Amino acid sequence: MTTDIISVSGDSEGKLEPHVQSINTDDPFPESPDAPVEDQQLTVRAVLVGCILGGIIAASNIYLGLKTGWTFGSSLFGAILGFAILKPLSRSAPTFLGGGYFGPKENNVCQSAATSAGSLGLLFTSGFPAAYQLGLLSVHPKDDFGRLITFTICCAFFGLSFTQPLRKFYILKLKLVFPSGVAAAYTIQSLHVGKNAEVTARKKTKALIYAFTFAILLRVVSEYAPGMLWDWHVFYALNRIGWSSAIAVESWGWIWEWTPAFIGVGMLTGINASYSFLSGSFLAWAIMGPIIVAKGLAFGSVANQSIPGYMNYMSMSLTDPINHPSPRYWLIWPGTLMLLCASFAEVGCNWKSLYAGMRSACGTLLQRFSKDNVEDDFVDPVPEHERVPFWAWSSLLIVSTIITCVVMNVQFGENVGVTLLAILFSFLFSFIGCESAGRTNINPVTSIGNASQLIFGGLGRGQNYAIKRGELLNLLSGMLTLGNVLCSNTEYLLMPRLAGHMIGDLKTTHLLRASPKAVFVAQLFGAVVSIFVSAGLYVVFSTAYPCINDLNHTTCAFPTPDVQSWRAVAVAVSSSTLPIPPTSGYAAIALGLAAVISVVAKYTIVPPKYHDFIPNFNAIGIGFIMNICTYPLAMFFGSTLAFFWRRMFFNNYQMYCFAVAAGFIAGEGLGGIINAIFTIAGISGATHGTSVGCPGGVYCG
């Protein structure tokens, strides 16, 4: 497969001139004859810098995942900022302090370490908060820190093992594109190769650093005046000046927020995902929500007595969820079923290649024990000494399996057979992630986790577990499956966007003619860092914002849409009666069928060139689950901005768009960490800020 990429190069005077360059996304890039030979791809400096940058992304992922259920990959951020750090160091420092030639292959090791180090945040934005909200663990995550670490270890290394047999099939045989991996490879290539590579690198680096710094400052400073610098409550303001009915729009969460991260997300995701996301929010929170309240099918409560008509529709109280649900609870079920139906319709429509992938992966294993020397029907361009040996990834798989069985049995009381089944399902589901990410750059890992919850919910009923024990083991088994799938896919913006990590990194490695063995080792180090950083950051956020784990809070800075979905499924499959309002269930079935029909039509009727016009029901489902509309609006703005930027100023877009977006995403996440630390220290905006611009004069940060 080939794709035409208009790259930007400069003449001798530094002016930018476009030229169309056809890049084959199947085969490795041609090596530059002028480039020095990279004898050392795996270096201490590359792994160290990559792990540090991955830690920043881990902070962003937990912050943004708790906000929206979306998490983001580190490859572009790690590639560009890693270059900005290591290139000057390579020129100025002596060899024993990190000096020496720094090329694209070592740059790839740096971004691979960053991707791996930022990989496990999703565990702490889905199943674990759901477990705390249901009262299944200790009162506070810091009391369970040891168990959080050991469980994260169980999820950290399976993906590294799974990707090795999958690499040959998806990258060398099927030659799937993996758009994020291609983008990372192209970015690294542009930083190092060509007569104007230095000019290009300098411009992209400056853009990323400026965007990163701006996002940090805005996130931190705005905490002290959120109603003026962060959230614009437009409809509340209109209500104050006389348009009394405008307060109803405010009540349903239609607020504008200056969030650099989600503007950046929109710049990366494109029109289809962001417009579908906003469409889902509009359908849920501007049409269906008001209708079900008007018909007496869902109920709100007064948000502020001093503001007539100002209501709270976002409660998640489970006192009487069937007969007296909040709109938020009522809408969770249609959203969750849309996610599941859309994801597994995609699987069904691609069953042939999934089946072939499983056969190929199993065949790779069987060849190791076969007396016959079976030749592959494709050529592996990687020299034998640069490949990951069978003993390395297979022994890692065996050790990880043993540790997981011990931890799950000793610390959580889970049957070894159930644990092994979860590992098996994680391997099978990894095909779904690779297939989806390789073809569309979308990996529905949370839908996969919810599907595994349904499976293990059935097993729990067969074991006659008590309700609380069944809910806990359901969440843990789902997370175990999710964590392993998460680490076996490609660079990711979770739910409907950039998916896991490792296969995407291997696609980048393939295109750059780099060493898979070097990347494997870098990812091992990154995974170790991710274990401690992700768990530690979750404890920090939980300490600063107790509402993340406690349903008794009426308002929270973190909507946690993923958590709502995980908790809802765990309660549903563990309860003796189905806790779903009947009308919500009917709506869920109808919208689930619409999702299936849409996906099937895409693969059977609609020509590929029109696939971008088919609604993304994963994104629509998230719009239902998310109880505020600020993020879909911001993504809509970002994708629209990028669309016109690309059409009107393509060279400028090509140079700066990805760098600016990556800086915005990482910067806001790090700013969120700073705010969390300030909250714990008692110097945050909640203590010393102003409530000007906030509804009712109540601080809204």
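Predicted model: local features only at pLDDT ≥ 70, side-chain atom pairs only at ≥ 80, totals over all residues.
Why is helix H24 largely enclosed by the rest of the structure? Good morning, colleagues. H24 spans residues 617-625, and nine of its nine residues are buried, so the rest of the structure largely encloses it. Among these buried residues are Phe617, Asn618, Gly621 and Ile625.

Ile271, Tyr275, Phe636, Phe643, Phe644, Met648 and Phe649 make a nonpolar surface patch of about 650 Å². Two helices, H13 (271-294) and H25 (630-648), each supply at least two of the patch residues. H25 provides the largest share, four residues. Phe636 lies in helix H25, and because its relative accessibility is 30%, it counts as partly exposed.

I come now to the aromatic rings. Across the whole structure, a search finds 28 aromatic pairs. One of them joins Phe77 and Phe212 in a tilted arrangement, with 5.6 Å from centre to centre and 50 degrees between the planes. This pair links distant parts of the chain, since Phe77 belongs to helix H2 (residues 75-92) and Phe212 to helix H8 (residues 197-222), 135 residues apart. Both Phe77 and Phe212 are buried.

Tyr610 and Phe613 have ring centres 6.4 Å apart and planes at 50 degrees, so this pair is tilted. Tyr610, at 40% relative accessibility, counts as partly exposed, whereas Phe613, at 66%, counts as exposed.

Two further features involve aromatic residues. Phe124, Phe128, Tyr132, Phe151, Phe412 and Tyr538 form one aromatic cluster. Finally, Arg219 places its charged end over the ring of Trp230, 3.9 Å from the ring centre. Thank you for your attention.

Definitions and conventions: Residues numbered from 1 in each chain as written. Heavy atoms only, no water. Buried < 20%, exposed > 50% of the residue type's maximum accessible area, 1.4 Å probe, protein only. Patch = residues over 30% accessible without salt bridge, like charges linked within 9 Å, V, L, I, M, F, W, Y side chains within 5 Å. Areas by Shrake-Rupley, 256 points an atom, 1.4 Å probe, with all protein chains shown as cover. Salt bridge = Lys/Arg side-chain N within 4 Å of Asp/Glu carboxyl O. Phe/Tyr/Trp six-rings, centres within 6.5 Å; stacked < 30°, edge-to-face > 60°. Lys NZ or Arg CZ within 6 Å of the ring centre and 35° of its normal.
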